[in-house]
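Please read these notes beside the structure. They go through the chains one at a time.

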Amino acid sequence: MSRHLDIDVAIIGGGLVGSSAALALRGMGFSVALLDKGYCGAQASGVNYGGVRRQGRPVEQLPLSQRAHAVWPRLKAQIGIDGEFLRSGHLKLARSEADMATLEAYKRSVEGHGLDLELIGHNGLRERFGWIGGDILGASFCAGDGHANPRLVSTGFAAAARRAGVHVLESTPVQGVTRNGSGFALEAGDGLSLKARYVINSAGAWAGAFAEAFGEAAPISRIYPSMVVTEPLDPVISVNIGMEGGGIYARQVERGNCVVGGERGLPLDDPDFSRPRGDGALAIMNHAAELFPGLRHAHAIRFWTGTEAATPDKNPVIGPSLTTPGLFHAFGFTGAGFQIAPGVGEVLAELVRDGATSTPIEAFSIGRFGNPTSARTHPGSGAGQNSEPQQAGEFNS
Amino acid sequence: MSARPQPLIVGAGPAGIRAAQALAEVGLRPLVVDEAPSCGGQIYRQRLVPDERSSVALYGSEAAKAEGLHRDFAALTDRIDYWPQALLWSLREGKADIAVGGASRQVAYDGLILATGATDRTLPIPGWTLPGVFTLGGTQIALKAQGCAIGAKVVFIGSGPLLYLVAWQYMKAGVSVAAVLDTAPFSAKLNLLRGLVLEPAVVLRGMRMTAELKLKGVALRYGVSDVRIEGGERVEGIAWREGGGEMHLACDGAGYGLALRSETQLADLAGCRFRFDQRDRAWLPERDAAGRSSADGVYLAGDGASIAGADAAELSGERAALALLEDRGLPHRPERAAAIEHSLARVSRFRDVLEAAFPFPAHWAKDIADETLVCRCEEVSAGELRRAAADFSLSEVNRLKAVSRVGMGRCQGRMCGAAAAELLAAETGRAIDAVGRLRSQAPIKPIPLTLALGEIAREAAE
């Protein structure tokens with residue numbers, strides 16, 4: 001089957017970044033094709049923990065995070081569903097004086113960014129969050145943060161893009177993309193060729209090969225954060241929980257299931273797929289039962305994990321290509337992409353339309369990794385895929 | 001000793017028992033892991049506590065087979081390791097995570113025989129979640145293991161040989177059987193005449209049971225459709241259509257099932273390749289005639305690999321064990337293996353006959369009422385599934401799960417997955433094998449959050 005499509009923007013990767021960019025671009029009047037090798041939102045965008053959190057992000061991410069913060073309460077109007085977004089607040093716990101000092105220092109460093117963090121001592125914690133057990137010294141609370149259902153939000157953005165007139169092409173892997181005159185030529189799926197003026201590379205854990213095709217190597221590795229979910233329970237966990245220094249994060253959805261993360265899965269023979277480790281999942285479960293006494297009699301009904309791209313400095317790559325006009329990158333969110341993704345979509349759309357964006361993104365330039373050739377890995381070789389970065393981020397906790 | 005780890009057999013039903021026996025005969029010492037408190041599987045399940053019933057009362061014409069299996073397994077005690085009441089909840093790269101006695105132990109194995117059995121297959125009908133409605137298998141277990149009936153006046157609904165067998169067993173136990181409602185027309189039963197050549201004893205036994213039911217005045221209805229179970233707090237009656245007429249009957253218990261479905265989660269976790277089987281109308285792990293799966297060292301036997309019944313399970317369990325022995329270069333009795341394969345081929349031809357006599361009413365899926373629950377764990381109705389498929393333009397069952405929660409609950413889709421796939425296929429006008437297969441995830445059944453990390457697991461985690 002041979003088919004041709006002539007469009008303004010081709011987006012490689014139908015995750016939350018790609019589909020929110022597609023929706024925003026369509027709203028600006030561009031013709032858009034959204035290509036995914038599998039199903040839109042079926043990878044990290046759809047299988048992450050579901051934290052909608054600004055607290056804990058590096059300060060350079062906060063303008064972008066604030067921009068996305070404005071999108072979340074408007075989901076219903078924007079994509080037709082609220083995505084089970086709940087502004088529950090995000091409570092980051094401290095296990096030691098040193099952790100508490102880190103939370104205090106963080107609060108000072110983000111003054112003026114609108115996070116309105118509140119430090120809570122041991123007694124305050126017992127009074128307001130008495131359901132938390134374990135040896136917790138204190139916490140930092142961000143009342144405006146929350147959580148949402150990634151399965152719905154990611155699929156919802158793609159569905160809204162489709163309704164808006166985006167060509168949503170699933171099960172259509174991009175085999176090749178080259179610069180062609182003033183635009184790009186793409187070969188995809190079963191005999192599909194596309195001509196596009198702009199290309200957005202939002203291919204997540206698979207984005208490295210596309211950047212490389214244009215002489216830009218980003219040293220991304222793969223991480224497989226794994227999650228445990230309990231059977232539905234009466235309300236126990238009223239806020240999105242994080243832990244300074246990592247190790248555990250937890251939330252309870254409206255239906256009553258508690259979602260708990262904190263360990264890493266392992267890739268299967270095909271590194272595109274992964275599965276939690278049994279002992280790792282048990283460690284999360286035991287840890288959760290200790291931290292939340294209300295879960296002591298609960299059962300775990302399901303584990304899952306996803307494939308996520310991680311960068312050495314834990315910041316994503318967002319912005320124009322440094323080698324190829326008309327190409328834009330957005331990948332490598334290192335386990336913290338869910339909350340900011342709708343903001344990234346808007347930024348990408350502005351970049352395409354105006355060549356610039358009102359949101360500072362310089363820190364995320366692909367150029368920060370230095371000489372492209374020095375970090376070069378062969379596309380498809382799998383090199384660097386499974387080396388886990390030290391203390392890489394939580395999975396959208 | 002740094003010898004090879006022991007082979008692992010999952011399931012102590014007819015397939016698992018015969019597999020263990022064949023391995024033990026040449027001196028291998030398998031570990032047999034089983035969820036039940038005693039061996040026998042579902043078909044030859046033993047009583048929880050001894051009572052006055054005889055083997056014949058419990059197992060009918062199959063009493064000798066049941067006794068034989070129980071006895072042979074007991075005789076293996078010194079030559080195998082056996083963990084009853086143990087749940088193998090995760091598998092990965094030659095290591096199994098097994099919950100037993102409140103702790104999880106990680107066991108390395110070399111050679112894995114999956115004899116995981118089957119559960120009932122159903123399609124949602126109005127009222128199927130009311131108290132008093134059981135699957136046919138559950139109806140039978142209540143009688144066999146606990147010596148109790150699911151009601152004082154019971155109706156049996158569905159398709160498959162189990163429908164008549166359980167009705168007959170209830171009648172024999174003195175329970176009032178109100179009716180047997182077969183979803184297939186009587187004409188379908190004529191196919192059984194072809195089966196007389198292949199398995200005369202089985203067919204004649206079935207005919208005798210049916211005749212006895214009829215003789216005792218049990219109403220046998222064929223070609224029923226639009227079945228609804230009625231009641232407020234629990235089952236009070238059943239309504240159905242038959243030959244254009246509307247029928248109704250009062251009852252306080254209902255046994256319902258549309259034959260069986262294979263338990264394939266562990267084969268999935270073990271990395272076996274799956275194919276769609278038209279006869280079972282299900283995705284099944286691929287296997288050769290000997291029971292080898294596509295994954296090295298993983299063997300499949302019994303109803304967990306494909307529905308074939310208890311006699312075939314004994315055979316395929318032994319055959320899979322012989323394949324394991326052959327692959328290890330141990331004595332493996334090629335003549336016996338060939339004879340077993342010959343018998344299994346005959347069973348397979350008989351299965352074709354049974355499928356024609358007891359067809360699965362797949363066409364029901366398109367008529368499931370919008371308000372009927374499909375996924376009872378997550379309380380997802382047929383209407384919600386239809387809306388999700390339409391709103392998100394979905395045509396693949398894992399995506400349907402992602403947006404609707406169908407199959408995400410305690411049963412992990414074991415009970416509702418097939419129905420969700422049928423409904424999605426009907427809704428999107430696609431063939432059943434084109435909507436995909438629900439991916440399995442550990443734990444294959446719920447496990448307590450406080451399940452302790454056993455010592456072996458701790459070592460492996462370091």
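How many positive and negative side chains does chain A have, and how far apart do the centres of the two sets lie?

1. Chain A has 34 positive and 38 negative side chains, with the centres of the two sets 4 Å apart. Lys and Arg count as positive, Asp and Glu as negative, while His and the chain ends are not counted. Each charge is placed at NZ of Lys, CZ of Arg, CG of Asp or CD of Glu.

2. This is a predicted model, in which local features need pLDDT of at least 70, side-chain atom pairs count only at pLDDT 80 or more, and totals for chains, interfaces and linings use all residues. Residues are numbered from 1 along each chain as its sequence is written, chains are lettered from A and ligands numbered from 1 in the order in which they are written, and side-chain values use heavy atoms, leaving out hydrogens and water.

3. Chain A contains 10 helices and 22 strands, counted as DSSP runs (helices H or I, at least four residues; strands E, at least two). Its C-alpha trace spans about 65 × 45 × 45 Å along the principal axes.

4. Of the 397 residues of chain A, 61% are buried, meaning under 20% relative accessible area with a 1.4 Å probe, protein chains only.

5. Chain B has 15 helices and 24 strands. Its C-alpha atoms fill a box of roughly 70 × 50 × 40 Å, taken along the principal axes.

6. In chain B, 57% of the 462 residues count as buried. Chain B carries 54 positive and 55 negative side chains, and the centres of these sets lie 2 Å apart.

Conventions. Buried means under 20% relative accessible area, exposed over 50%, partly exposed in between (1.4 Å probe, protein chains only).
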